[in-house]
Amino acid sequence: MYNTLTPLFILGIVGSLQAQTAEWSYEDCVNWAMEHNISLRQSELTEQSALASLEGAKAQWIPTLEFGTSHGYANTPMGQADKNSYTSSYGFNGSWTLWDGGMRKAEISRAKTDVERSRWATDELMKDIRVNILSHYINILYCREAVDVNRRLAEVSAQQAERSRQMMESGKISIVDYQQLKAQAERDAYNTVSAEADLASRKLQLSNLLELGLGSKMDIRQVDFDSLMVLDPLPSLDESYEMALANDSRLRYDELSVRMADDDISAAKAGSSPKISVNAGVGSGYYSTNTAGWGEQMRRSLNENIGLTLSIPILDNKKTKTAVAQAKIAKLNSEYEIEARRNEIANTLEGWYIDMESARSRYIAAVENEKAAALSDEYTAERFAVGYVESTELLQSHQALSSARHEVLQAKYMAVLARKMVEFLRTANITL
């Protein structure tokens, strides 16, 4: 015999199997990701690499100094005197570039820009992480409410199935009507279990996004959104667009890429400029065939030198011309990237505004539809209990109520997501 508690019993088992875990707020998730996300840490390493390159560029202004020594052994088997000889030399050599056509200045400027650009790249990655977490977080909140909606529907249909069983046994309805309502109760119980599984899957996705590791379990803190989150109007689109341009990390990155291209052009042009450098050295040597000792020879052979070198490029196989052309192309490409990014921001922002308006309209209509469906379902259930309507009409009213409640839920969370994305584009920050 069918037991009215069967669907509820299934739901109870699912609930008891859920792990008891600490609840994470949205900021908890973000803070964890900021500290543990592998891609973010790799981006921070890129920043450190850019800083190292900057130090290297600045070091080009420092003179170079090196110590060199050479040692040789010679054998002259047909010689009349010493057939074997040993020679050695020792010296310090230094050089400093006085003028290189401005190449060092351009490379230092480029390295500074690259450091700043890498920081904006890290900031952009952080924002992407925040947006991904927001999407997963809101999806979990939606799935959690969907579970509650399905559970309430399952409870009602279970009660109706039990009532129909009693009516069947008393001869008020047929076994066919009872079987239909019983099947509806089982479908609602299954839908609830399916919603539970979807919720668990969403939690797992957020856990994987946060890179919590194998076997980790988590749950999120409940956030309740009132109707104002859906119904309040958004700021003007033009204002939001200007704020989005001012706060976009990717746009700052592309603008710095243009500046880097300018530095590359300057450095490339310096390749055709004369270069002047100063060279100086001090050294000495030793010859084993000399009758004087090592120390005396080192003293006598001590020599110092200084010189000035001028290098004027004449032909370089068009290397300079090619480098300048490539740098100009890179600059033009970066300018196109800026234009494309501005268009992308405009399209994205306008899309969220459209989604918000659509969700608001859907929500207003869905709320009214839910009220009507709830009243209709309650009235139909009362009439069914006294035998005035058939089971098919009761099933139809139940399905209408189910659809209405899910429509309210979907419109609500679509509006919440759209509002939060507009907030993010305007302020580069997200709060829940």
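## Surroundings of S118

Leaving aside neighbours within four places in sequence, S118 is in contact (heavy atoms within 4.5 Å) with T46, E47 and A50. This is a predicted model, in which local features need pLDDT of at least 70 and side-chain atom pairs count only at pLDDT 80 or more, while totals for chains, interfaces and linings use all residues. Residues are numbered from 1 along each chain as its sequence is written, and side-chain values use heavy atoms, with hydrogens and water left out.

S118 is buried, at a relative accessible area of 6%; buried means under 20%, exposed over 50%, and partly exposed in between, with a 1.4 Å probe and protein chains only. A polar atom of the S118 side chain lies 2.7 Å from the backbone oxygen of V115.

## Helix α4

S118 belongs to helix α4. Helices (H or I, at least four residues) and strands (E, at least two) are DSSP runs, numbered from the N terminus. Helix α4 covers residues 103–169, 67 residues in total, and reaches 97 Å from its first C-alpha to its last. That span is close to the 99 Å expected at 1.5 Å a residue, the expected value being 1.5 Å times one less than the number of residues. Just after α4, G171 takes a positive phi of about 85 degrees.

## The open sheet

Four strands, in the order β2-β3-β5-β6, form an open sheet with antiparallel pairing; two strands pair if DSSP finds at least two bridges between them. The edge strands, each pairing on one side only, are β2 (64–75) and β6 (303–311). From one strand to the next, the twist averages 20 degrees, with axes taken as lines fitted to C-alpha atoms (for helices over the stretch in contact) and angles running from 0 to 180 degrees between N-to-C directions.

Within this sheet, β3 (residues 84–99) and β5 (residues 275–287) are joined by twelve bridges in the antiparallel sense. G91 stands opposite G283 in β5.

## Cysteines

A disulfide is a covalent bond between the sulfur atoms of two cysteines. When it is defined as a pair of cysteine sulfur atoms within 2.5 Å, the count comes to zero disulfides. The closest cysteine sulfur to that of C29 is in C143, and because the two are 15 Å apart, they are too far for a bond. C143 is likewise in no disulfide.

C29 is buried, with a relative accessible area of 0%. C143 is also buried, its relative accessible area being 4%.

Technical notes:
A polar contact is a pair of N or O atoms within 3.5 Å; within protein, one must be able to donate a hydrogen and the other to accept it, and residues adjacent in sequence count only if both atoms are side-chain atoms.
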